[in-house]
Amino acid sequence: MNDKIVVGIADMKMATREGMLVTYALGSCIGICLYDPILHLAALVHVMLPLNMETGRKSPLKYADTGIRETLRQMEARGARRNRIVAKIAGGARMFEVPGNGSLGNIGQRNIESVHMTLKNEHVKLLREDVGGSVARTLLFDAATGQACVRSYGKPELIF
């Protein structure tokens, strides 16, 4: 695989036609791969939290709702068309057990729900996902093909 472009936490990177976008340590966080197959324009955003409630919204990429919207905006500025963009996601694990049944301890599930809702509201088709569970993941996304690869401890590599 070609050049690796590392996407940090609360970060987003794009590549056209070549390059391997990669993000590590997707625990409760979610990696969202967005792809325009005509332009071979790939974007990978690593979000931490479901909803942006920040005053002034200084860190849009940290949150599922504003992170996805900002990534789509930047893709469209490079010529991508919303009706062609598709998504693949990974992450949203439950990394810690918190007593009780409240959703507070399961930020991963809240992230999954927020990503699903935002993609739906933005009219982006979700093709595949590898979410939930209790293990961290590494997500690789090939700009040439739009193919994603998920690696997690103790599981076979998942290509989709």
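Q: Why are helix α1 and helix α2 called oblique?
A: The axes of α1 (residues 64-77) and α2 (residues 107-121) come within 9 Å and cross at roughly 40°. Angles under 35 degrees count as roughly parallel, over 145 as roughly antiparallel, 65 to 115 as roughly perpendicular and the rest as oblique, so α1 is oblique to α2. Axes are lines fitted to C-alpha atoms, for helices over the stretch in contact, with angles from 0 to 180 degrees between N-to-C directions. Helices are DSSP runs of H or I with at least four residues, strands runs of E with at least two, numbered from the N terminus.

This is a predicted model: local features need pLDDT of at least 70, side-chain atom pairs count only at pLDDT 80 or more, and totals for chains, interfaces and linings use all residues. Residues are numbered from 1 along each chain as its sequence is written, and side-chain values use heavy atoms, leaving out hydrogens and water.

Q: What makes the contact of α1 with α2?
A: Ala64, Asp65, Ile68 and Arg69 of α1 meet Ser114, Val115, Thr118 and Leu119 of α2, where contact means heavy atoms within 4.5 Å.

Q: What makes β2 and β7 edge strands?
A: In the open sheet of 5 strands, ordered β2-β5-β4-β6-β7 with mixed pairing, β2 (11-16) and β7 (125-131) each pair on one side only. Two strands pair if DSSP finds at least two bridges between them.

Q: How do you know that β6 pairs with β7?
A: Strand β6 (residues 86-91) and β7 run parallel and are joined by 6 bridges.
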